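Me: I would like to go through the labels attached to a structure and hear what each one rests on. Please set each value against its definition.

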Amino acid sequence: MATVQVTRKPSGSAVPGDFMGLSFQQNAALTFFGPSTAGNSVLFTLIRNLGRGTLRIGGAGADESCWNAETAPDPSECQYYLTTADFESWCAASAQTNWMMLVGVNLVQNIDPGAPAYILNEITKGFMPVLQAYTKASLLGFELGNELNLYATQGYRPPTYGVSGQITDLLDYSQAFKANSTTASIALAAPAYYDPSTSTVTNQLVPVIQGVTQCNGCSASNVGLVTLHEYPLNNTPAPVTVGQLLAPSLLTQETQAFGKAVSYVNSMFKMNVQIDETNSVSPDPGQAGVSDVQASGIWALDFALQMARVGIRRMNFHFHEGSLYNPILISSSGPGLFTDQVQPEYYGLYAFNAAKGQRFLPVTVSAGSANITSYALSTCATCATTVYVINKDLAASGTVAVHLSTPATSASYVQLTAPSLTSTYEYVTYGGVQFSSTGALTGPIQSTPVSPDQSGNYTVPLPNATVTILTIQP
């Protein structure tokens, strides 16, 4: 069905150990995590299964959430009221998982000169004392607002709101944070743009970051991390299909936009780019038969590997209350009583673990008309090599021959597989096993040995709706 040629010449930086993360709507995080005294222990186990990462607690919920709402500059925009219980829940989740938090703050409230002081009061009097009490909890930074490029269309700002207005909003908060002794050293992230295109990068993102960090009297530390969002099928008329989610053209489009963002932000501002909110289909609740099936897990793994290859620093797959695209479906029947059902997408996030700490190798895929992608990684030219072969085709099935540019020895493979791309969680397996109701695998992961033929080819099966992960020893 296909051949994969791998050149054993690693390049670029190693995939960060904390690349894979999760994102939670701020006004629903307490519901997902549970109260600090009766937390969702299975969820925390499932999070730890993904290795190190970040808990992004923000989204549209951050711009709708207020602490001491009666003193907010615009109380009418306060749809959720933050309390100490929220902060304790977030910090307990961070402590239980050893994941750092990226916490969103409400930028919509910046409608009068008192707004920065109001937000600083929330942070310094509300959140930070709780964080300091949880010694095992940690903070990556604060994210200023959510999807600033949509503020005008959402009615948060006038129709004329654009680059200059975004710069003003971000400077108001960033300069206040940097002038406060409690928050001065904490990293700030922005602008959390929604689904940026290549033109958005050139015409909005670069001028905004430049205006916040390089203006007269500005500090380069006003923003330390650039955040972007991606829902690949957001402009696609419903109902979307599995074929649209897995289309090669979609990955090409994402590669162009985010590759350009990484290139510009790295070279011009010496900053990293984090996709801190993403998932398969928006608007909520996603699309049944697409967001909640095997195709979503294959998409998530393929997208994450490609974004790591272009230089994205971290990714956070999003949870929204009631959404079909949630990697884990979470329900509660009382304090400490949770049901956590792993969805197909979670298996894709878990399969990413094999890439961490390694650098990408050049790969050439010859698959005819079949929709097959592949990624190869290693820590050095003579070290073990990990090869992902991903079958995104709607029907194709067969074998794949993997060939390294220099000889290697024995190998083995595991598979993330299901009967079809539309299979639900009951039928998805990783290495022949599944995740149980405790968050643990139901047994040891099963690998299959494979040896090279006389030409040095490792031939492995690649059924439809399957990812084969081949590990080749030196």
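**Labels and their grounds**

Me: Where is proline 239 placed?

Reply: Proline 239 sits in the loop between β9 (225-230) and α7 (242-245). Those element names are DSSP runs numbered from the N terminus: helices are H or I of at least four residues, strands E of at least two. The model is predicted, with local features needing pLDDT of at least 70 and side-chain atom pairs pLDDT 80 or more, while totals for chains, interfaces and linings use all residues. Residues are numbered from 1 along each chain as its sequence is written, and side-chain values use heavy atoms, leaving out hydrogens and water.

Me: What makes the peptide bond from alanine 238 to proline 239 cis?

Reply: Its omega is near 0 degrees. Most peptide bonds are trans, and most residues other than glycine have a negative phi.

Me: Which value of phi does alanine 192 have, and why is this residue called buried?

Reply: Phi of alanine 192 is near 55 degrees, a positive value in a residue other than glycine. Alanine 192 is also in strand β8. Buried means under 20% relative accessible area, exposed over 50%, and partly exposed in between (1.4 Å probe, protein chains only). Alanine 192 has 0%, so it is buried. Alanine 465, in the loop between β22 (457-462) and β23 (466-472), has a positive phi near 60 degrees and is buried too, at 0%.

Me: Why does methionine 268 count as partly exposed, and glutamine 343 as buried?

Reply: Methionine 268, in helix α8, has 37% relative accessibility and therefore counts as partly exposed. Glutamine 343, in the loop between β13 (337-342) and α10, has 5% and therefore counts as buried.

Me: What is methionine 268 in contact with, leaving aside its neighbours within four places in sequence?

Reply: Contact means heavy atoms within 4.5 Å. Leaving those neighbours aside, methionine 268 is in contact with Val206 and Gln214. With the same exclusion, the contacts of glutamine 343 include Asp292, Asn326 and Tyr425.

Me: How do you know that helix α10 is mostly covered?

Reply: Eight of the eight residues of α10 (344-351) are buried. Among them are Pro344, Glu345 and Tyr350.

Me: What describes the packing of α5 and α6?

Reply: Helix α5 (residues 163-179) and helix α6 (residues 198-213) pack at an angle of about 35 degrees, with axes 9 Å apart. Axes are lines fitted to C-alpha atoms, for helices over the stretch in contact, and angles run from 0 to 180 degrees between N-to-C directions. By class, this contact has seven nonpolar, five polar and no charged residues. Ala, Val, Leu, Ile, Met, Phe, Trp, Tyr, Cys and Pro count as nonpolar, Asp, Glu, Lys and Arg as charged, and the others, Gly among them, as polar.

Me: What residues line the largest cavity?

Reply: A cavity is a set of points, on a 1 Å grid over the protein atoms alone, where a 1.4 Å probe fits but cannot get out; lining residues have an atom within 4 Å of a point. The lining of the largest cavity is Leu245, Leu246, Ala247, Leu250, Leu251, Glu254, Trp299, Asp302 and Lys392. By class, that lining has six nonpolar, no polar and three charged residues.

Conventions
1 Å grid on protein atoms, 1.4 Å probe; cavity = no way out; pocket = protein on both sides within 12 Å on 5 of 7 lines; lining within 4 Å.
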